[in-house]
Amino acid sequence: MVLNSLDKMIQLQKNTANIRNICVLAHVDHGKTTLADCLISSNGIISSRLAGKLRYMDSREDEQVRGITMKSSAISLHYAKGEEEYLINLIDSPGHVDFSSEVSTAIRICDGCIIVVDAVEGVCPQTQAVLRQAWLENIRPVLVINKIDRLIVELKFTPQEAYSHLKNILEQINALTGTLFTSKVLEERAERETESQVNPNSEQGEQVYDWSTGLEDTDDSHLYFSPDQGNVVFTSAIDGWGFGIEHFAKIYSQKTGIKKEVLLKTLWGDYYINMKAKKIMKVDQAKGKKPLFVQLILENIWSLYDAVLKKDKEKIDKIVTSLGLKIGAREARHSDPKVQINAICSQWLPISQAVLAMVCQKLPSPLDITAERVEKLMCAGSQTFDSLPPETQALKAAFMKCGSEDTAPVIIFVSKMFAVDAKALPQNKQRPLTQEEIAERHEHARRRHAEKLAAAQGQAPLEPTQDRSDLETSPQGEELKGDEQEVESETPKPVPQEGNDREPFIAFARVFSGVARRGKKIFVLGPKYSPLEFLQRVPLGFSAPLDDLPPVPHMACCTLENLYLLMGRELEDLEKVPPGNVLGIGGLQDFVLKSATLSTLPSCPPFIPLNFEATPIVRVAVEPKHPSEMPQLVRGMKLLNQADPCVQILIQETGEHVLVTAGEVHLQRCLDDLKERFAKIQISVSEPIIPFRETITKPPKVDMVNEEIGKQQKVAVIHQTKEDHRIPEGIQVYSGGLITMTTPNKLATLSVRAMPLPEEVTQILEENSDVIRSMEQLISSLNEDKNTQMIHQKTQEKIWEFKGKLEQHLTGRKWRNTVDQIWSFGPRKCGPNILVNKSKDFQNSVWTGPDGKASKEASRYRDLGNSIVSGFQLATLSGPMCEEPLMGVCFVLEKWDLSKFEDQTASDKQNQEQSDLVKEGQGEGETCSGRDEHQDLQGGCSEPFEKRTSQKGESSLTDCYGPFSGQLIATMKEACRYALQVKPQRLMAAMYTCDIMATSDVLGRVYAVLSKREGRVLQEEMKEGTDMFIIKAVLPVAESFGFADEIRKRTSGLASPQLIFSHWEIIPSDPFWVPTTEEEYLHFGEKADSENQARKYMNAVRKRKGLYVEEKIVEHAEKQRTLSKNK
Ligand SMILES: Nc1nc2c(ncn2[C@@H]2O[C@H](COP(=O)(O)OP(=O)(O)OP(=O)(O)O)[C@@H](O)[C@H]2O)c(=O)[nH]1
Ligand SMILES: [Mg+2]
């Protein structure tokens, strides 16, 4: 147990087969960091007494204060088992849902993970989430059931009860694994099926599938957690003990003579031992017998706890001697039973031994990387491995080999960038002086002393120049000299001055192939880099120096400056890092924003993007307290963006600087970082900006007092101007809310109707935004006549699948042919709203792309059509209620009358032509499409002369209103807005789901807080064997600020909720509602705004945006009191 030297680590890094890259994953507070402490203390980095108290991996101050981890950090540990020595690169990850992006960054560079589960709380929402993430990344998990001591001390279970409880937890987690596995097998089967449909010849003989084939054929036994498989360990990290059943199997096989293999199979499960016959039997043969796990393992632990807690000194001594342990006098005398338990148990059942042995045995080394994982990592987007260029496909072998020879290509993945204190960098740390340096300094000081003496005695200096320079630098002479030496020996290092005012960033990375060496030139490939594009641009066998490469998008070239061994809070300098290791890389901050792939070969594809579970939703606007400090803020925000995998930084159209974070805790951390680290200025922060969506619904059937609408007598209310003031005069509204508007120059008329989309359709649109985006890219590349982007089979299939789903839900007379006529999605061309083109003149849809080249009409309309689409995009980006984006709205362009415009362009052209003829005698129009011109000309010629002259007047009208396309955009936008306003408009609120675990005595208070904040309980369940309830609820984001704190306070810290963004939900109340019937009037009073939550939200947003808010501050001042009494 000695602190391992750096040399030892460097040596271990070379033995790839004995490297384990693992991360610790769990729900918040299940004990990851405490477990990490125990493992770290086994390497002597921290003392075993402090293990569990120090939380070494939580190096930030706020992590220590709040008691939660906020970032993932790595440490390298050494573990020896028999002859074999292992290097374990351990990454501790946060469990709080706000930081789940940090989990993704950790998982990507690991081969295996330890899933920690609290024995009392069992499987929690984040446990599920991390298990799913581990599956998605194809890394293998092992299980640690932690906090067993709580079963003894808090829940006071008997060993038998504890056994059933643990069995239960295992069942739960295995059920989860089962679901993940089944869905994966089914998915693969579906994939195979489509493949065989595509090439029916490829898989002859395997054509007939029965639905369960995949499931039954696949061996899944190794996937499940079971103590007899050796992939489960039971621990109490706080008390420093842990065991797998192998430990006890060894002991009892020596004691009883039963074979170890038999014990390994029976120690867990319903088996009991017949001591007389020395036989192991199934429990149900003889009732009342205790399972082996209870009898041989749990009872021993329970009796030890019992003895220590009861301070039964005699019994403790007996146990200690029987176990052959030696307890220090200090611990033995200690009054705190915890200390005694820790001292005994950590010797008896050392936790690090149990956990690390399992890790080395059960988790794969970097050499065991599966072909499946490699292919997945290499195929970003909707690409398949087969569609990659052959040079790229060839790299798969390099991944699998993980070779360290010089010829092996270097492939490194950077999963995040993190900022460190400049002082923590090894090159800035004072290193111990060597003997020679000490001697040299000695000599130097002696000489100076002698010179000083000489000067004091008035002697002239012998060598004036040399002396002066010495005198000038005398206060820092020694340091300067040291610096000079360093700069000389390592020229590529940044100038120290620069290092001081820049926050150094380190890349958190892993070498997948080849050896990373300091000073090596390497390509930095951004997430959008395409090896295909490179190979097309650069001739094969390109051998010029890297600097001479022609510029390729999303690719840069840099030098690996500093390589570090990550040791938790410390960094150690490395010259080179062999493949399969986790490392830190300095000097990449100008090249890498958040993540990147580094490779010596340009044929390397970028790795697939990290899979983030959390959606950033909480936004605030920030500004410096002193306006002059704006540049610092901007710079700080840039750095923050780089340092956090999931934060988003926006500058809104209003000029506001906005931070978008995953939740309240994340927000607080980002603000702290900004203030204290990156911007180092005082900032003021707005109230959280709560996002809303605007939508429309079907007209309600009953009014606010549950009376059928239309049956009551309407009363005249003075401020009842509901519909009138929103639609100005001159706009025609036809039945069904069809709005017809003409452009200001009167040349085009548009008829638009808005309809609410069915909920399922909105959901499909949201889920398929990737597909929509790739359709959009495809169309735009076709538009530009670029055929470089070949449409891949798989993409095409996805598009058809998406279309099929839409068709399935858009049925009925109202939606007939709608799907085929979808023209665009919005906002930003991929949002959850659609534009449908029902106009007869011009057919264009997202499915066919622009086939305008074939039809004359289409090309005439195409450019103007773009204006219509832009108008739709603008309308969906900000709705009429409070300028928030729309959701779930379908705009139907019923008619699009351009006849006047056509007439006019034709006559204009003819005029132009005539004048050209007169002037030059050669009439060459400047329009781009000759065919159009021809067509228009013909039309123009047949026009009667009078009409042409009358149109002339209008053409000057066009000019006074600006370009026609602009008018179309504005008219379309306005028409969409009015079309919305004639329908019942509603706000949609962002909703969180939360799981709250609470004991029965605080349940009432939890409900009170939930209902006060408009939350809704979906489910309430009692956790088996405990008095804990699990409540699943939804809560509007708008009401969530301070929710976690309030719950914690009201329940004295017994309940702590986790909020995860889940969906958008329509707020049922109408923000524009005013009482219109007598009964409503009686019920709600005249003002009737006290209950209207939607109006409150709407007005708050309008106020924030500086929009007009219709509010009466005081009306009928003398009546105010009576009014409030009525309510
Ligand atoms: N009783 C008991 N408490 C434990 C045990 N392990 C950890 N704890 C306590 O559980 C709390 C949370 O422990 P951490 O190690 O910080 O949990 P974590 O999983 O790292 O939490 P996050 O990183 O915030 O997700 C601390 O108060 C620990 O003292 C254990 O084995 N038994
Ligand atoms: Mg932690």
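This is a predicted model: local features need pLDDT of at least 70, side-chain atom pairs count only at pLDDT 80 or more; totals for chains, interfaces and linings use all residues.
Residues are numbered from 1 along each chain as its sequence is written, and chains are lettered from A and ligands numbered from 1 in the order in which they are written. Local features need pLDDT of at least 70, side-chain atom pairs count only at pLDDT 80 or more, and totals for chains, interfaces and linings use all residues, while side-chain values use heavy atoms, with hydrogens and water left out.

A search of the whole structure gives 24 aromatic pairs (rings of Phe, Tyr and Trp, the last by its six-membered ring, with centres within 6.5 Å; planes under 30 degrees apart are stacked, over 60 edge-to-face and the rest tilted). The ring centres of Phe505 and Phe678 are 6.2 Å apart and the planes lie at 15°, so this pair is stacked. Because Phe505 belongs to strand 11 (residues 505-513) and Phe678 to helix 25 (residues 664-678), the pair ties together parts 173 residues apart in sequence (helices, H or I of at least four residues, and strands, E of at least two, are DSSP runs numbered from the N terminus). Phe505 and Phe678 are both buried (under 20% relative accessible area, 1.4 Å probe, protein chains only). One aromatic cluster includes Tyr163, Phe234, Trp241 and Trp348.

The magnesium ion (ligand 2) has Thr33 (OG1) and Thr69 (OG1) as its protein donors, 1.9 Å from it (N, O and S atoms within 2.8 Å of the metal, or 3.2 Å for Na, K and Ca; water is not among the atoms, so sites may look incomplete). Thr33 lies in helix 2 (residues 32-41) and Thr69 in the loop between helix 3 (61-66) and strand 2 (73-81), so the pair ties together parts 36 residues apart in sequence. Both Thr33 and Thr69 are buried.

Arg108 lies over the face of Phe413, at 5.0 Å from the ring centre (NZ of Lys or CZ of Arg within 6 Å of the ring centre and within 35 degrees of the ring normal).

How values were computed. Buried means under 20% relative accessible area, exposed over 50%, partly exposed in between (1.4 Å probe, protein chains only).
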